[in-house]
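Please look through the sequence and the model shown here before reading on.

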Amino acid sequence: MSLLVRSQMHYFLIGDRQVGKSTIINKTLECLREKNPEIRIGGFFTKAEESDVFMHYMTKHESFCIGKRKIGGYTDVFNSQGLELLKETEEKNCDLIVMDEIGWMESNAEAFALEILKVLDSDAQTIGVLRKDCSTPLIDEIKNRADVMLIEVTLENRDSLSLCSLMQTEKLV
């Protein structure tokens, strides 16, 4: 557990599949870009395409396959290309890091998991998604950090949630 005292929080959404977590992240990014056109956003989002799952860069139009749905992740890909993506995000001094989503696929990718924790210890703020139905050492560590706020997304509250309003008190806008 991190004992680092931070002036800003990292926000992670949890909720059932297809409830709108990524939509909330996308609306938040749109709002933040509108309020601060100079904001530097890095990180990744994942997307399932048929049986494959891809990790997409936030900074460029590139992606790579990280695993097969319902089978598992490719540890070597997380520890090479995923690690490179996170390091590139750090090198670009991004103001905001997106991690959509962290789940069970990366549970055996130790180098990638350590880099995620390093990003969370950096000066950049993070918004992301954690799998609700998943308990791995990485997810449990993220959930237990003092500088992480978990926000549950449900069908009932998804239309009223706005991370942008939470971040207005932070340095991003």
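## A strand covered on both faces

Strand β3 is covered on both of its faces, with Asp 52, Phe 54 and His 56 buried on one side and Val 53, Met 55 and Tyr 57 buried on the other. Here buried means under 20% relative accessible area, exposed means over 50%, and partly exposed lies in between, computed with a 1.4 Å probe on protein chains only. Because 6 of the 6 residues of β3 are buried, the strand is largely enclosed by the rest of the structure. In a regular strand the side chains alternate between the two faces of the sheet.

This is a predicted model, in which local features need pLDDT of at least 70 and side-chain atom pairs count only at pLDDT 80 or more, while totals for chains, interfaces and linings use all residues. Residues are numbered from 1 along each chain as its sequence is written, and side-chain values use heavy atoms, with hydrogens and water left out. Helices (H or I, at least four residues) and strands (E, at least two) are DSSP runs, numbered from the N terminus.

## The sheet and its pairing

The sheet is open and is formed by 8 strands in the order β5-β4-β3-β2-β6-β7-β1-β8, with mixed pairing. Its edge strands are β5 and β8, each of which pairs on one side only; two strands are said to pair if DSSP finds at least two bridges between them. Strands of a sheet pair through backbone hydrogen bonds, either parallel or antiparallel.

On one side of β3, 6 bridges join it to β2 in the antiparallel sense, and Phe 45 stands opposite His 56 of β3. The two strands form a hairpin with 2 residues between them, and Glu 50 in that turn has a positive phi of about 60°. With β4, strand β3 pairs over 5 bridges, again antiparallel, and His 56 has Ser 63 as its bridge partner in β4. The hairpin from β3 to β4 runs through 5 residues.

Strand β7 pairs in the parallel sense, with 6 bridges to β6 and 3 bridges to β1. Ile 97 has Thr 126 as its bridge partner in β7, while Phe 12 stands opposite Gly 128. Because 6 of the 6 residues of β7 are buried, this strand too is largely enclosed by the rest of the structure: Gln 125, Ile 127 and Val 129 point one way, Thr 126, Gly 128 and Leu 130 point the other way, and all are buried.

Contact means heavy atoms within 4.5 Å, and the angles, which run from 0 to 180 degrees, are taken between N-to-C directions of lines fitted to C-alpha atoms, for helices over the stretch in contact. Helix α3 lies across β1, β2, β3, β6 and β7, running at about 140° to β6.

The buried residues of α2 are Val 77, Phe 78, Gly 82, Leu 83, Leu 85, Leu 86, Glu 88 and Thr 89, and what covers them includes β6 (96–102) and α3 (110–120). Just after this helix, Asn 93 takes a positive phi of about 50°.

## Side chains with polar contacts

A polar contact is a pair of N or O atoms within 3.5 Å; within protein, one must be able to donate a hydrogen and the other to accept it, and residues adjacent in sequence count only if both atoms are side-chain atoms. Asp 52, placed in β3, makes such a contact through its side chain with the side chain of Lys 68 at 2.6 Å. Not counting residues up to four places away in sequence, Asp 52 touches Lys 47, Cys 65, Gly 67 and Lys 68.

Gln 8 is in the segment before β1 and is buried, with a relative accessible area of 7%. Its side chain reaches the backbone oxygen of Asp 123 at 2.9 Å and the backbone oxygen of Ala 124 at 3.4 Å. Asn 144, in the loop between α4 (137–143) and β8 (148–153), is partly exposed, with a relative accessible area of 49%. A polar atom of the Asn 144 side chain lies 2.8 Å from the backbone oxygen of Asp 140.
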